Amino acid sequence: SSGINAEYGEIENIEQHELLNDDNIVIRSTGNITMFGLCNKYNTTFPQRLIAKVAPEEFSETINKVNRELRRNVNFTWKAFIAGCLCCCCSCGLTMIPPLLLSNKSKKQVKKVLDWENARVYNKIGLNWILRKALCEQSPMLEYVIVLERIHQEQILWID
């Protein structure tokens with residue numbers, strides 16, 4: 001229970017201090033399937049706060065790449081989850097392991113797409129895409145959101 005509360009407090013702190021930062025743009029999910037906090041589609045509407053920072057085509061291309069990856073992976077995870085639920089009694093719950101592994105793979109794939117897009121375009125103009133857990137707007141559940149944050153100039157100039 002303390003581990004859950006610690007994780008919840010950590011998410012709450014991220015929500016309050018980082019996600020609600022005026023510099024960050026939070027893109028929430030809009031899909032109809034959510035598996036383990038990861039939805040199958042993110043909002044493709046161009047945020048007004050990105051005008052004069054990013055071309056709408058670049059933003060659209062990035063979100064569409066993420067949505068393609070999610071559509072491919074989350075839908076398959078959903079099918080594996082349904083199959084696991086049907087066979088759960090016979091396997092003592094072991095059939096729920098593949099959907100969990102597939103969900104983790106989906107998160108890694110989305111992070112890989114975001115890292116690629118950061119290296120290709122966004123880090124060069126002082127922006128960075130991140131996949132983060134956050135509290136849902138209308139429920140106490142967690143979801144993954146995409147955060148577009150501004151990299152401060154000293155972070156760009158640091159040498160590794």
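R28 lies in the loop between strand 1 and strand 2 (34-35), where strands are DSSP runs of E with at least two residues and helices are DSSP runs of H or I with at least four residues, numbered from the N terminus. The model is predicted: local features need pLDDT of at least 70, side-chain atom pairs count only at pLDDT 80 or more, and totals for chains, interfaces and linings use all residues. Residues are numbered from 1 along each chain as its sequence is written, and side-chain values use heavy atoms, with hydrogens and water left out.

**Surroundings of R28**
- R28 is buried, with a relative accessible area of 17%; buried means under 20%, exposed over 50%, and partly exposed in between (1.4 Å probe, protein chains only).
- The side chain of R28 makes a polar contact of 2.6 Å with the side chain of E143.
- A polar contact is a pair of N or O atoms within 3.5 Å; within protein, one must be able to donate a hydrogen and the other to accept it, and residues adjacent in sequence count only if both atoms are side-chain atoms.
- A polar atom of the R28 side chain also lies 3.4 Å from the backbone oxygen of L135.

**The largest nonpolar core**
- This core (buried Ala, Val, Leu, Ile, Met, Phe, Trp, Tyr and Cys residues joined through side-chain atoms within 4.5 Å) has 25 residues, of which Y42, F59 and W129 touch the most other members.
- Helix 2 (56-91) is one of the elements giving two or more residues to the core, and with five residues it gives the most.

**C85 in helix 2**
- C85 is found in helix 2 and is partly exposed, with a relative accessible area of 40%.
- C85 and M96 are eleven residues apart in sequence and 7.2 Å apart in space, C-alpha to C-alpha.
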